[in-house]
Amino acid sequence: MSKRSFAQHALSEWMHSSGPDSDIVISSRVRIARNMQGHPFPMLATNEQSREVMEKLTAVGSNKAMAALGPFEKIELADLSELERRVLVEKHLISPTLANESRCGALMLSENEAISIMVNEEDHLRIQCLYPGFQIKEAWSAASGIDDIFEEEIDYAFDERRGYLTSCPTNVGTGIRASVMMHLPALVMTQQINRILSAITQVGLAVRGMYGEGSEALGNLFQISNQITLGQSEEEIIDNLYSVAKQIIEHERAARERMLQHESRIHLEDRVYRSLGILSHAFIIDSKEAAQRLSDVRLGIDLALITDVSPQIMNELLVMTQPGFLQQTFEEKLSTEQRDVRRAELIRKQLHRKFDHGGAGE
């Protein structure tokens, strides 16, 4: 894998593959934060200290135990352009912090991009496993195994009473952030979403947009994650998220079924086909409208109202229509209006290409 191959393909393996309940759960992610004992945390470290941390951690990432998991590419953030770093963020492979603020930041990326290991982000080490569909327990198992490999070689900053020590107090304890990315259009359309989200926050979970903290829930995509990392075991954190996500899936399915009944169905069909028509023919479209229209079409696909477009192309367009990827695709720096024009052009071409080849089945 070349260092820029991640920028050439919109779909990582975790987005390309389907997983359990993938009509509602887009992806499952577990991230583990760790720091090295005896080394200043990244925000206080000098360049020399940060370089030493990077060399030690990437050396572990190249050992025999890690090699057994498959090939990994080491990428130093300093070697990437601003645009390439932005594409990595848009593909959920690194955080904005690593992209914009790290000192001697590095990434170890698996060939299928399901595993990304960030070095010198907010913490020395961030292990991330990203799986398609509802596979939060599987993602936790994979991340925990990688954590064990590093712990064999590295002394972690750990306190008997507080647990693993991290730069941000909200991560102290287990250091785990587990999340599921959910597509919940029916709950939004039936005006149940606020009640559901309020209940979620009352059981110790957080709700954010597609790109995490501070991001807007565009396209009816919601990221549900644990808030508590101290005072619960890793298994309790994962089980709590799993249980709540299961209930949300059931509520979304029930809402979708109700929308398909009787007089509601014609309104739903009208909405999804209007959005498909706009996406297929628009000459200018901003990111917010594109996300909403893509959400409508994805719902139509999942409910078999639209049968000649695959869910895969919707996943692909969610990434390809982001600002960084648009500029990467067209190989030019674009203003906001130029991005809106190019976004519409790209969507038209992708959808027409799909129709020209006979839809999803060919």
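**Ground rules.** I counted residues from 1 along each chain as its sequence is written, and side-chain values use heavy atoms, without hydrogens or water. As the model is predicted, local features need pLDDT of at least 70 and side-chain atom pairs pLDDT 80 or more, while totals for chains, interfaces and linings use all residues.

**Entry 1: α10 and α11.** I looked up helix α10 (residues 262-281) and helix α11 (residues 287-302). Helices here are DSSP runs of H or I with at least four residues, numbered from the N terminus. The two axes lie 8 Å apart, at an angle of about 130°. An axis is a line fitted to C-alpha atoms over the stretch in contact, and angles run from 0 to 180 degrees between N-to-C directions. The pair is therefore oblique, the term for angles that are not under 35 degrees (roughly parallel), over 145 (roughly antiparallel) or 65 to 115 (roughly perpendicular). I noted the contacts (heavy atoms within 4.5 Å): the α10 side includes Leu268, Arg271 and Val272, and the α11 side includes Glu289, Ala290 and Gln292. By class, this contact has nine nonpolar, three polar and four charged residues. Nonpolar covers Ala, Val, Leu, Ile, Met, Phe, Trp, Tyr, Cys and Pro; charged covers Asp, Glu, Lys and Arg; the others, Gly among them, are polar.

**Entry 2: α11 and α12.** Next I followed α11 to helix α12 (residues 311-320), where the axes come within 9 Å and cross at roughly 160°. That makes α11 roughly antiparallel to α12. Leu294, Val297, Arg298, Ile301 and Asp302 of α11 meet Pro311, Met314, Asn315, Leu317 and Leu318 of α12. I list seven nonpolar, one polar and two charged residues in this contact.

**Entry 3: a cavity.** I found two cavities of 30 Å³ or more in the structure. On a 1 Å grid over the protein atoms alone, a cavity is a set of points where a 1.4 Å probe fits but cannot get out, and lining residues have an atom within 4 Å of a point. α11 gives the largest share, four residues.

Entry 4: A pocket is an open set with protein on both sides within 12 Å along at least five of seven lines. Of its 14 lining residues, Glu82, Arg85, Arg86, Glu90 and Pro323 are the closest to its centre. I noted that α4 gives the most to this lining, six residues.

Notes
Helices (H or I, at least four residues) and strands (E, at least two) are DSSP runs, numbered from the N terminus. Grid points are joined across faces, edges and corners, and a volume is the space filled by probe spheres set on the points.
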